[in-house]
Amino acid sequence: ATPMALITGTGAASRKGLIIRNAEAIQTARDVSVVVLDKTGTITEGSPSVVGTDLSADDLAAAASVEAFSNHPLAKAIASASDERRPVSDVEEITGEGVRGTVDGVEYFVGKPGDPARYDEHLSMGRTVVEVRRAGVLAGFLAVEDPLREDAVEGVKRLSGMGITCVMATGDNEKTARAVAARVGIGEVHAGVRPDGKLDLVRQLQARGGKVLMTGDGMNDAAALKGADIGVAVGSGTDLAIDSADIVIVRGGISRLADAVAISRKTFTVIR
Ligand code: ADP
Ligand code: MG
């Protein structure tokens, strides 16, 4: 591409609320055939809140105290579900699983349920369930709800209308993932994806041919953002995600991806 076209494309993108960190990306965007969307923080707002629990006040206080040490969006929701704080020692975050910590000499685990099937009712509503285990024994659950981003439905619709396949990738469970995907009109769902699994998924999709754009906000997304043909970080995301991205969405969400592709197709149309 001519430098002038890159400047034009980059300028048009910035007016739409996109920061182009790598000028080539705005040229590559016209050839995107698959968009991979992280669920939490990309399709949803990433600011969940606790909407149900069967924990005792004591166990809730312990769980909130342990989660206060984690930066995960779910952890923030759970930490603010109780005002009480207990002294916690031996905190250990298990990426993609949950957090462990010792409270009053008792080990607590707050994270993925052992048997998600028992929470079907919550999961089919698109909620995430977090389990609390006290000394290895189930103490109860927390149901967490994360609202969809305002432009998620419109964004997926626009991308689909441009002939682009939208794919969801999430570490969350299959049932929750499917419920959220159905709401925004995504048919292809990869759930229970381990942190390094997102990069594997990007490679698999690249093997189908065509360029793959990946969007995410979390530390877990960094490798996949780098491995994709275009990595797009959501502006509210972690520093690591932003540093790994070619494009950063400053205002808005998924709809900005459709803007990027539209700008690219317009600016870099090959005139024969
Ligand atoms: P996503 O890809 O949707 O951003 P993650 O890979 O970060 O999700 O996490 C996957 C799953 O691991 C979460 O849905 C949750 O069940 C569990 N999990 C991870 N971190 C925590 C935490 N700090 N507290 C509770 N659960 C957690
Ligand atoms: Mg995320």
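Author: The terms are taken in turn below, each with its definition. This is a predicted model, in which local features need pLDDT of at least 70 and side-chain atom pairs count only at pLDDT 80 or more, while totals for chains, interfaces and linings use all residues. Residues are numbered from 1 along each chain as its sequence is written, and chains are lettered from A and ligands numbered from 1 in the order in which they are written.

Reader: What makes the division into domain 1 and domain 2?

Author: The bounds come from an automatic or database domain assignment. Domain 1 covers 3-45 + 147-267, and domain 2 covers 49-145. Their C-alpha centres lie 29 Å apart.

Reader: How do you know how many residues of domain 1 are in contact with domain 2?

Author: Two residues are in contact if their C-beta atoms, placed from the backbone, lie within 7 Å. On that test, 13 residues of domain 1 are in contact with 11 residues of domain 2. On the domain 1 side, the elements that give two or more residues are α3 (39-43) and α8 (174-184). Helix α8 gives the most, with 5 residues.

Reader: What are the classes of the residues on the side of domain 1 that touches domain 2?

Author: Ala, Val, Leu, Ile, Met, Phe, Trp, Tyr, Cys and Pro count as nonpolar, Asp, Glu, Lys and Arg as charged, and the others, Gly among them, as polar. That side of domain 1 has 3 nonpolar, 6 polar and 4 charged residues.

Reader: Why are β6 and β7 said to pair?

Author: Strands (E, at least two residues) and helices (H or I, at least four) are DSSP runs, numbered from the N terminus. Two strands pair if DSSP finds at least two bridges between them. Strand β6 and strand β7 (residues 128-134) have 4 bridges, in the antiparallel sense, so they pass the test. One bridge partner in β7 is Glu131, which belongs to Gly111.

Reader: How many bridges join β5 to β6?

Author: There are 6 bridges between β5 (residues 98-103) and β6 (residues 106-111), and the two strands run antiparallel. Arg100 has Phe109 in β6 as its bridge partner. The hairpin of β5 and β6 has 2 residues between the strands, and Asp104 takes a positive phi near 50 degrees there.

Reader: What makes β3 and β4 edge strands?

Author: They belong to an open sheet of 6 strands, in the order β3-β8-β7-β6-β5-β4, with antiparallel pairing. β3 (49-53) and β4 (88-94) each pair on one side only. For β3, the pairing is with β8 (residues 137-145), antiparallel over 4 bridges, and Ser49 stands opposite Glu145 in β8.

Reader: Which kind of pairing does the open sheet of 7 strands have?

Author: The pairing is mixed, and the order is β1-β13-β12-β11-β2-β9-β10. The edge strands are β1 (18-20) and β10 (188-190). Within this order, β2 (residues 32-38) and β11 (residues 211-216) pair in the parallel sense over 5 bridges, with Val34 opposite Val212.

Reader: Why is α1 called roughly antiparallel to α12?

Author: Axes are lines fitted to C-alpha atoms, for helices over the stretch in contact, and angles run from 0 to 180 degrees between N-to-C directions. Angles under 35 degrees count as roughly parallel, over 145 as roughly antiparallel, 65 to 115 as roughly perpendicular and the rest as oblique. Helix α1 (residues 3-15) and helix α12 (residues 255-267) pack at an angle of about 155 degrees, with their axes 10 Å apart. That makes α1 roughly antiparallel to α12.

Reader: Which residues of α1 and α12 meet?

Author: In α1 they are Ala5, Thr8, Gly9, Ala12 and Ala13, and in α12 they are Ala260, Ile263, Ser264 and Thr267. By class, this contact has 5 nonpolar, 4 polar and no charged residues.

Reader: Why are α7 and α12 called roughly parallel?

Author: The axes of α7 (residues 152-161) and α12 come within 7 Å and cross at roughly 30 degrees. The two helices are therefore roughly parallel to each other. Glu154, Gly155, Arg158 and Leu159 in α7 meet Ser255, Leu257 and Ala258 in α12. The classes in this contact are 3 nonpolar, 2 polar and 2 charged residues.
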